[in-house]
Amino acid sequence: MNEHREFEPGVRTDLSEGMTYAGYLGLDKLLDAQHPRSSPVHHDEMLFIIIHQTTELWFKLIIHELSAAIAHVRADELEPSFKILARVKHVQAQLLDQWSVLATLTPSEYSEFRGVLGSASGFQSPQYRTVEFLLGNKDGRMLKLHEPNSAAHAILKRAYDDPSLYDEFLRHLARRGLPIPREILDRDVTQRHESHPGVVEAMRLIYADPKANWDAYEMCEKLVDLEEQYALWRFRHMKVVERVIGYKTGTGGSSGVPFLRKVIDHRFFPELWEVRTHL
């Protein structure tokens, strides 16, 4: 026998007025943003679109969180950034898990609609590039690429011109008396940070005496967490691409798998990895 649970007296059932769930989230616009271009529409194109749209939503949250973390570190407030970076790590875990969903797309299925992408590629994502810039992987060539999108370009340019999360952390360490070399503090922040033995030594001092530098020690580990998750995401990306298209050229013109393999080992915070050998 089917039983229907009675609504509780306070449950609102008239959705004609006032704020609703769909209205608050803008679901009309959000759920109308999936427009397959294959003709006839291939069943799996919807999967491809939604995976990449949700990735962009997660990137938006990561940018929001990293921007807040940078502001806290700039103000010498490390502890409030810990929860923020822990949240980013969990968001990264969601992004990592999404690859397993996309991996259900077989080569024959993808080939049915790959042509409609034209030259579109994830490489062109302004939000992905903004995340990279906030973490310090700066590349001025990317600014020109995004000039046609003035709003995205403005956000990207700000992330390019401003100190990265790691730059701000090193400046914070210098302000508290740790021996960060002057040339690191005065460097051009629009360039990628390169490992410096003086920074390795400063990190060694932190790890050698965690009790005296507990918040800096915790911040170092939060940054390692973040970078490790990022490397796993890049590796999974490369393997899913290899699984789905093999060694074909990418839609955006890259070499595909070989191109993705090159960036797996990039390090945003090199001294935090190198210091482990010196402890």
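**Entry 1: the whole chain.** I started by counting, and the protein chain has 14 helices and 0 strands. I kept in mind that this is a predicted model. Reading along the sequence, I wrote the pattern as α-α-α-α-α-α-α-α-α-α-α-α-α-α. The C-alpha atoms fill a box of roughly 70 × 55 × 40 Å along the principal axes. I then looked up burial: of the 279 residues in the chain, 41% are buried. For contacts between residues at least 6 apart in sequence, I noted that 71% join residues at least 24 apart.

**Entry 2: the core.** Which residues have the most contacts inside the largest nonpolar core? I found Leu66, Leu165, Phe169 and Met203, in a core of 69 residues. Helix H12 gives the largest share of this core, with 13 residues. A reminder to myself from general reading: in soluble globular proteins, nonpolar side chains tend to be buried together.

**Entry 3: H3 beside H9.** I looked at helix H3 (residues 45–74) and helix H9 (residues 165–175), which pack at an angle of about 15 degrees with their axes 9 Å apart. Angles under 35 degrees count as roughly parallel, so H3 is roughly parallel to H9. Their crossing is left-handed. On the H3 side, the contact is made by Leu66, Ala69, Ile70, Val73 and Arg74. On the H9 side, I listed Leu165, Glu168, Phe169, His172 and Arg175. Sorted by class, this contact has 6 nonpolar, 1 polar and 3 charged residues.

**Entry 4: more on H9.** Is H9 mostly covered or mostly open? It is mostly covered, as 8 of its 11 residues are buried. Among them are Tyr166, Asp167, Leu170 and Leu173. Just after H9, Gly177 takes a positive phi of about 100 degrees.

**Entry 5: Ser164.** Where does Ser164 sit? I found it in the loop between helix H8 (150–161) and H9. Its relative accessible area is 2%, so Ser164 is buried. Apart from neighbours within four places in sequence, Ser164 is in contact with Ile70, Phe133, Leu134, Leu135 and Gly136.

**Entry 6: H4 beside H12.** Next came helix H4 (residues 78–102) and helix H12 (residues 214–245), and I wrote down an angle of about 15 degrees and axes 9 Å apart. That makes H4 roughly parallel to H12. H4 passes H12 in a left-handed crossing. The residues of this contact divide into 18 nonpolar, 5 polar and 6 charged.

**Entry 7: Ser81.** My last stop was Ser81, which lies in H4. Is Ser81 buried or exposed? With a relative accessible area of 0%, Ser81 is buried. Not counting residues up to four places away in sequence, Ser81 touches Ala69, His72, Val73 and Met219. I also checked the C-alpha atoms of Ser81 and Leu66: they are 15 residues apart along the chain and separated by 8.8 Å.

Note on methods: Residues are numbered from 1 along each chain as its sequence is written. This is a predicted model: local features need pLDDT of at least 70, side-chain atom pairs count only at pLDDT 80 or more; totals for chains, interfaces and linings use all residues. Side-chain values use heavy atoms; hydrogens and water are left out. Axes are lines fitted to C-alpha atoms, for helices over the stretch in contact, and angles run from 0 to 180 degrees between N-to-C directions. Helices (H or I, at least four residues) and strands (E, at least two) are DSSP runs, numbered from the N terminus. Angles under 35 degrees count as roughly parallel, over 145 as roughly antiparallel, 65 to 115 as roughly perpendicular and the rest as oblique. A crossing is left-handed if the near helix is turned anticlockwise from the far one by less than a right angle, and right-handed if clockwise. Ala, Val, Leu, Ile, Met, Phe, Trp, Tyr, Cys and Pro count as nonpolar, Asp, Glu, Lys and Arg as charged, and the others, Gly among them, as polar. Contact means heavy atoms within 4.5 Å. Buried means under 20% relative accessible area, exposed over 50%, partly exposed in between (1.4 Å probe, protein chains only). A nonpolar core is a set of buried Ala, Val, Leu, Ile, Met, Phe, Trp, Tyr and Cys residues joined through side-chain atoms within 4.5 Å.
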